[in-house]
Every structure is written in C-alpha cells, then in structure tokens.
Amino acid sequence: MYPLLRADSAKADWIDATRKELAAFGEQHRAEFETANRANKFPRELYAELGRLGYLGPLVPTEWGGLGGGVAEYAVIAEEVGRHGLVSGQIAAQGQRWLLDWGTEEQKQQWLRGIANGELVFSESISEKNAGSSFKAMKSTAVRDGGDWILTGSKTHINLGADCDVTLFYAIAEEGLTCFLVDMKLPGIRTHVTRAIGLRLIRTADVELDQVRVPDAARLGPPGAGLQTFLSTFNISRLGNASELIGLGRRAIELALQYATQRQVGNNMVTDFQGIQWAVADAWTALQAASLARDNAAVAHARGEDIALHTTTAKKLAIDAAEQSAKAAYSLVGGHGLYWDTPYTDIDNDIKVLKVAGGSTEIMRNYIARRLLKDAGHEGLA
C-alpha cells in the first residue's frame with residue numbers, strides 16, 4: 001500500500017516495478033510454492049532465484065552483492081512476499097543487518113555476499129525451550145579455550161535451522177550474553193526439523209551444539225555485547241515482520257474479494273450485503289493504518305531517528321490488521337475457505353507465526369505503555 005513511501009516519485013517507480021516482478025514470480029511458481037508448503041520443505045532453488053533477482057539483500061550495499069537500499073526497500077519486498085505467498089527473506093535480512101552493524105571485514109567476506117544473493121542460507125539460533133524473550137533464562141554456554149570458544153546448547157523454533165549454511169548462536173559467556181557465527185559443517189552440530197503451523201517455506205528446526213569449537217574470529221561483536229547486537233537488528237526487523245503481516249492481510253482480503261464479487265446469493269452478490277461491506281471497510285482501514293505506521297518508521301529511520309517506538313507501533317497495528325483481514329476473508333468466502341486447496345488457512349497460520357515472531361502483541365503493548373509512562377510528555381499526549 002505504501003501511502004508515505006510512494007511520495008518519492010523515484011521510489012514509487014521502483015515500488016511499482018518490484019510489485020509487478022514479484023507478482024509475476026509468485027504466479028509463475030505458485031504450484032511449486034504450494035507443494036513445498038504442504039511438504040514442510042524449504043524451496044532452496046526458488047529462494048536462490050529471488051537472491052539472483054536482488055530481493056534477498058535489500059539492506060546490503062551493491063559492492064557486497066546487495067540491492068543497496070534501505071529500510072523502505074526492505075519493507076516493500078517483505079510486504080510483497082506476504083502478498084504473493086513467496087518464500088521469505090526475512091531471516092536473511094536480519095543476518096545482513098547483524099553483519100553490517102557488527103561484522104569484521106573477514107566475516108563480511110566470508111558470509112555477507114552469499115547471504116545477500118541467496119547462495120548461502122542464514123539462520124539465528126536464539127530461542128530455547130525455557131528461554132524465549134528472557135535472555136536471563138538462557139542455558140547455552142560459550143567457554144574460552146585458548147584462542148577458541150567451546151559452544152554448547154540446545155535451541156528451538158529456529159527458522160531454516162536445518163537448511164542453513166551458517167547460524168548466529170547466542171550463548172552466555174563469562175562476560176555475559178555473546179553471539180557467534182557458526183559454520184554448520186562443524187562437528188558437534190545436530191538438527192531436527194520441526195513442523196510449525198505456518199511459515200513452512202522457511203521451516204523450523206531444533207539446533208543442538210555439543211562442544212562445538214569455533215575460533216575467536218567467529219565472535220560477532222564484543223564479549224558480553226549480545227543484547228546490543230540483538231536490539232540493533234530486531235528494532236529494524238520488526239518492520240519486516242510488520243510488512244509481511246500487511247502483505248498477508250492484503251493477500252487474504254484481495255483473494256476473498258475476487259471470489260466474493262463473483263459469488264451470487266439469491267439476487268445479490270456476496271459483496272452487496274452491508275455487513276460484508278463493513279467487514280471489508282474495517283479490514284482496509286486497519287491495513288491502511290498499519291501501512292502508515294510502517295512507512296512512518298521507515299522514514300524516521302532514514303532521518304536517523306530512534307525508531308524503537310515507531311517499529312513497535314507498526315508491528316502492533318500490523319498484527320491487528322492482518323488478523324482482522326483474515327477474519328473478514330472467511331466472512332467473504334464462507335465454506336469455500338475451509339479447504340486446504342484454498343489459501344485462507346495457510347494465510348491465517350502464517351499470521352499466527354508472525355504475530356509471535358520478533359515480539360508478540362503483548363510485548364508490543366508493554367513496550368508502548370512503558371515508553372509513554374516514563375516520558376513526562378507521554379510521547380506527545382501532553
């Protein structure tokens with residue numbers, strides 16, 4: 001939708017071209033994407049093709065094989081991925097952000113170009129069974145051994161954990177939370193594919209490291225700086241989550257409208273009924289509000305502002321809009337939407353996963369409330 005991003009005429013032209021190309025890509029490979037989704041399989045060839053087209057490296061400078069764009073380009077691509085049911089590059093974008101912000105020249109040479117062009121697959125091994133948002137409960141350890149580190153720990157909910165070439169492993173060192181870029185070919189690594197209900201094209205896995213030895217050169221950022229590395233990336237990646245949610249909401253309501261405008265009930269079409277029209281209006285306005293908040297965050301980032309409150313607001317509104325759109329879609333299509341060979345349940349399940357990824361609605365609300373309450377002007381309310 002991009003109500004603010006399209007204000008720049010040059011960017012508007014790029015947005016239109018991107019929307020057209022990604023729509024065509026989705027249409028061309030629809031059967032392949034649906035087969036992979038049913039099989040809980042990562043479509044690596046299609047993922048690599050998106051990389052060759054330039055859609056996996058929006059934040060990476062051109063000299064490193066990326067698009068050379070910013071947060072706005074990242075948001076547009078993520079939204080169109082959701083809109084057309086494509087394999088997400090969200091995890092790749094997060095890896096690129098980590099490397100750009102914290103990576104050494106050697107680390108960039110080893111990983112950045114391949115992640116940006118789709119030749120290498122990145123994952124982030126952070127969550128544990130009893131440690132999701134709370135790093136204090138993390139059990140994974142990083143112990144110095146001469147010039148190396150010994151990494152041990154079990155991670156869960158790892159998108160692309162069984163399909164990646166490198167994972168970013170968070171662990172507790174003597175100095176505190178620390179992260180490492182771990183080559184997945186190293187001995188002592190085991191993975192087990194799990195079966196999440198949504199985002200099955202970037203399937204989840206459990207990842208276990210058992211006394212895995214890595215050199216100090218694999219450490220990303222200073223020892224004990226894990227929280228800083230995490231926040232610097234996730235404040236931006238929330239816009240990717242928000243954008244994909246907006247795209248999924250658009251996909252649900254547009255596909256439902258295509259059906260409902262042709263579906264006759266008595267002497268009327270489904271969309272002739274006022275209750276249905278209200279559901280459509282509410283879904284569209286929710287998507288528009290989320291798009292405005294997302295665009296505002298992207299513009300604020302380009303101005304160099306602190307975007308934590310902006311991205312949190314955008315994610316919260318995007319969750320609301322996507323859920324409202326999916327609900328409206330079922331009202332529009334009725335029984336037609338209750339089968340696996342129609343896309344509505346897959347869309348609904350993808351929304352459920354993205355609702356949690358990068359911070360749930362409750363976490364978003366907590367952060368917004370605390371920001372308002374600790375500010376004398378209540379973030380503009382005074």
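The model is a predicted one, in which local features need pLDDT of at least 70 and side-chain atom pairs count only at pLDDT 80 or more, whereas totals for chains, interfaces and linings use all residues. Residues are numbered from 1 along each chain as its sequence is written, and side-chain values use heavy atoms, with hydrogens and water left out.

The lining of the largest pocket, that is, residues with an atom within 4 Å of a point, comprises 46 residues, of which Phe234, Val356, Ala357, Gly358 and Gly359 lie nearest the centre. Two or more lining residues are given by each of helix 5, strand 3, strand 7, helix 7, helix 9 (308-333), helix 10 and helix 11 (361-374), where helices (H or I, at least four residues) and strands (E, at least two) are DSSP runs numbered from the N terminus. Helix 7 gives the most, with eight residues. By class, this lining has 18 nonpolar, 19 polar and nine charged residues; Ala, Val, Leu, Ile, Met, Phe, Trp, Tyr, Cys and Pro count as nonpolar, Asp, Glu, Lys and Arg as charged, and the others, Gly among them, as polar.

Strand 7 (residues 204-215) runs antiparallel to strand 3 (residues 148-159), to which nine bridges join it, strands being taken as paired if DSSP finds at least two bridges between them. Within this pairing, Leu151 has Val212 of strand 7 as its bridge partner. Strand 7 is also joined, again in antiparallel fashion, to strand 6 (residues 189-193) by five bridges, and there Thr191 stands opposite Val207.

The second largest pocket has a volume of about 630 Å³. Of its 32 lining residues, Arg30, His84, Gly85, Arg251 and Pro343 are the closest to the centre, and the elements that give two or more residues are helix 1, helix 2, helix 4, helix 7 and helix 10. The lining of the second largest pocket has 13 nonpolar, eight polar and 11 charged residues.

Arg30 is also one of the buried residues of helix 2 (residues 30-39), the others being Phe33, Ala36 and Asn37; buried means under 20% relative accessible area, exposed over 50%, and partly exposed in between, with a 1.4 Å probe and protein chains only. The face turned away from the buried side carries the exposed residues Ala31 and Thr35, and helix 2 is followed by Asn40, whose phi is positive, near 55 degrees.

One cavity of 30 Å³ or more is counted, a cavity being a set of points where a 1.4 Å probe fits but cannot get out. The volume of this largest cavity is about 110 Å³, and Tyr55, Ile77, Val81, Gly89 and Gln90 lie nearest its centre among the 14 residues that line it. Helix 4 and helix 5 (90-102) are the elements that give two or more residues to this lining, the largest share, four residues, coming from helix 4. By class, the lining of the cavity has 10 nonpolar, three polar and one charged residues.

Conventions: 1 Å grid on protein atoms, 1.4 Å probe; cavity = no way out; pocket = protein on both sides within 12 Å on 5 of 7 lines; lining within 4 Å. Points joined across faces, edges and corners; volume = space filled by probe spheres on them.
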